[in-house]
Amino acid sequence: GRGHTCAESWTGVYSWSLGMQDYQNLPIDIQISKLQDWLVDRRHCSLKWQNSVLTIREKIKAAMQDMPENEEIGQLLSGTYIHYFHCLRIVEILKGTEASTKNIFGRYSSQRMKDWQEILTLYEKDNAYLAEISSFLVRNVSYEIPSLKKQIGKCQQLQQEYSRKEVECVNGASDLREKFYTSCKKYGITGDNIKKELLALVKDLPSSLGGMIEGVCSLSEAIELYQACVNFICESPSEVVVPMLRCVLQKGNITVYEWKTGICPSVIERPQNEEPLEQVTEDTIDWGDFGSISPANTETTGYGISLDDAGQAEDIDWGISVQPIAQEASSDGIDWGDDEATPVEIEVVEAGSEDGTARGPDALSLLENPDTRNQFIDELMELEVFLSQRLIETNEEADVLAVCQFQTAPAILQNQTVDKMTTVLTTVKALLDQLTNQKMQHLFLIHASPRYVDRVTELLHQKLKQADQLLLKQQVLIQKRQDALAEQAALEPKLDLLIQRTKEFQKLIEADISKRYSQRPVNLMGVTV
């Protein structure tokens, strides 16, 4: 029975031993956000450890004023924040530098060593160092590292945004320059010297108009066809169609004066482009002395009227004389001019018609004057519509009624072919395009108003200025992107150092807590760096 009891006892001890081994291997998991509360709840640290740390900070600050020349100590003291483990290393170094001050009892007479040993003692009291290191770890994980990562992310975002805006500025400048050259091409200039080139184009305007007049000369048959068709359809003599085209066909691009009067002017005085008169305002109006009248001088200002005596009113000369009239008095002797109506002759004199001189707008040619030019364009369009309609009718010769109707038509109507009318229609459309295209419209505007040249020049220069401004903005964005890149380059080493220190704090805290629990493994949860 005793043997059985001993066997059971050894089995129980063995089982307890295995249980203890399993317990020793059981890890201690601590959430990082609850680390400081965990240390205080298990009485590893005091609840008022901050007060102790403040006292230690003051002593460290005082002790740093008297330190030996040592490279490693210099590196430790150059850190942003000195903690307990730094102090341990400093004491180890001082044991070597202050060895001469050690007495037979193993104590140091050096004040440096005493100060730092006192600091270690204060740190170890109530494990203040453990609470401080834990606070460093929590602050780094919860605030410092996320803040630096956020700043670096913002720098990267700014770089991407600045790069995108740089591309937009380059594309915008390129588009503006493309629009500039496109506009210059529409005006027919290169853009090197805008104002000079535009003024040079005006000098070529007469030759351009001369080319159009030559084109009109090929429309004589079309005009006669139009006239014959109108006369045939109306069955009676009608007014002359497209009179201006006929005039240009016979006499060329004559003056408006000759078009109106039928007389060739002896002298042509072309209008001068004058600046608009300055607008009159109240400040420029001379009101005379009326504005200086005051109650004080009303007595001396008579205006030819005396108000001293009402009886003297008879002496005032109002410019009206009352005399007996030989004629029969009617209506109190007032002659209203109804008895003998004298006819008023009004002579209308046209500009320059007296001496054969063409002045003002009448001195311009038919294609230079806006009114006559519009009439010229209208007649060209009228001729174009007629030819287009006649071409359609010619292609539809299947209509028997139409064939019978045109049997009695003049020979000019019957002899027309589709090819002839197509050729003439093409010429009319070409003339219309030459007169109404954008380049010619601008030339007419420049010819009519030299100030239009300044407006066009300013408009084109504005596009170049905007392109230059975008390029300057691009340079500013490049500088900002480089600044953001430099800031990122400065923050990344700080982040790497902070992550390294945070990992060191984690290892030191886990080792210290593990030592207090018989080397059980300790895991600080939530330390994501």
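Let's start with two helices, H6 and H7, which are roughly perpendicular to each other. This is a predicted model, so keep that in mind throughout. H6 covers residues 111–124 and H7 covers residues 128–187. Their axes come within 5 Å and cross at roughly 80 degrees. Angles from 65 to 115 degrees count as roughly perpendicular, so the label follows.

Who makes the contact? On the H6 side, Leu122, Tyr123 and Glu124. On the H7 side, Ala128, Tyr129 and Glu132. By type, the residues of this contact split into 4 nonpolar, 2 charged and no polar.

Now the loop between H6 and H7. Asn127 sits there. Asn127 is not a glycine, yet its phi is positive, about 50 degrees. Most residues other than glycine have a negative phi. Is Asn127 buried or exposed? Its relative accessibility is 15%, so Asn127 counts as buried.

His44 lies between helix H2, residues 35–41, and helix H3, residues 49–63. His44 is buried, with a relative accessible area of 14%.

Arg43 is in that loop between H2 and H3 as well. Arg43 is exposed, at 77% relative accessible area. Its phi is near 60 degrees, a positive value in a residue other than glycine.

Next, the strands. S1 is residues 28–31, and S4 is residues 522–525. The two pair in the parallel sense, over 4 bridges. Which residue of S4 is the bridge partner of Ile28? It is Val522. Both strands have two faces. In S1, Ile28 and Ile30 make up the covered face, while Asp29 and Gln31 make up the uncovered one. In S4, the side chains alternate. Val522 and Leu524 point to one face and are buried.

On to the cores. In soluble globular proteins, nonpolar side chains tend to be buried together. Here, the largest nonpolar core has 55 residues. Which residues have the most contacts inside it? They are Leu198, Phe376, Leu380, Leu383 and Leu387. Take Leu198. Not counting residues up to four places away in sequence, Leu198 touches Tyr187, Ile189, Ile446, Val453, Val456 and Thr457. There is also a second, separate core, with 43 residues. Among them are Ala63, Ile90, Leu130 and Ile513.

Arg373 is in helix H13, residues 370–395. Arg373 is buried, with a relative accessible area of 10%. The cut-off for buried is under 20%, so Arg373 falls on that side of it. Beyond its neighbours within four places in sequence, Arg373 is in contact with Leu366, Leu367, Glu368 and Phe444. Then there is Leu435. Arg373 and Leu435 are 62 residues apart in sequence, but 8.9 Å apart in space, C-alpha to C-alpha.

Last, the whole chain. How many helices and strands does the protein chain have? It has 18 helices and 4 strands. Of its 529 residues, 33% count as buried.

How values were computed
Residues are numbered from 1 along each chain as its sequence is written. This is a predicted model: local features need pLDDT of at least 70, side-chain atom pairs count only at pLDDT 80 or more; totals for chains, interfaces and linings use all residues. Side-chain values use heavy atoms; hydrogens and water are left out. Axes are lines fitted to C-alpha atoms, for helices over the stretch in contact, and angles run from 0 to 180 degrees between N-to-C directions. Angles under 35 degrees count as roughly parallel, over 145 as roughly antiparallel, 65 to 115 as roughly perpendicular and the rest as oblique. Contact means heavy atoms within 4.5 Å. Ala, Val, Leu, Ile, Met, Phe, Trp, Tyr, Cys and Pro count as nonpolar, Asp, Glu, Lys and Arg as charged, and the others, Gly among them, as polar. Buried means under 20% relative accessible area, exposed over 50%, partly exposed in between (1.4 Å probe, protein chains only). Two strands pair if DSSP finds at least two bridges between them. A nonpolar core is a set of buried Ala, Val, Leu, Ile, Met, Phe, Trp, Tyr and Cys residues joined through side-chain atoms within 4.5 Å.
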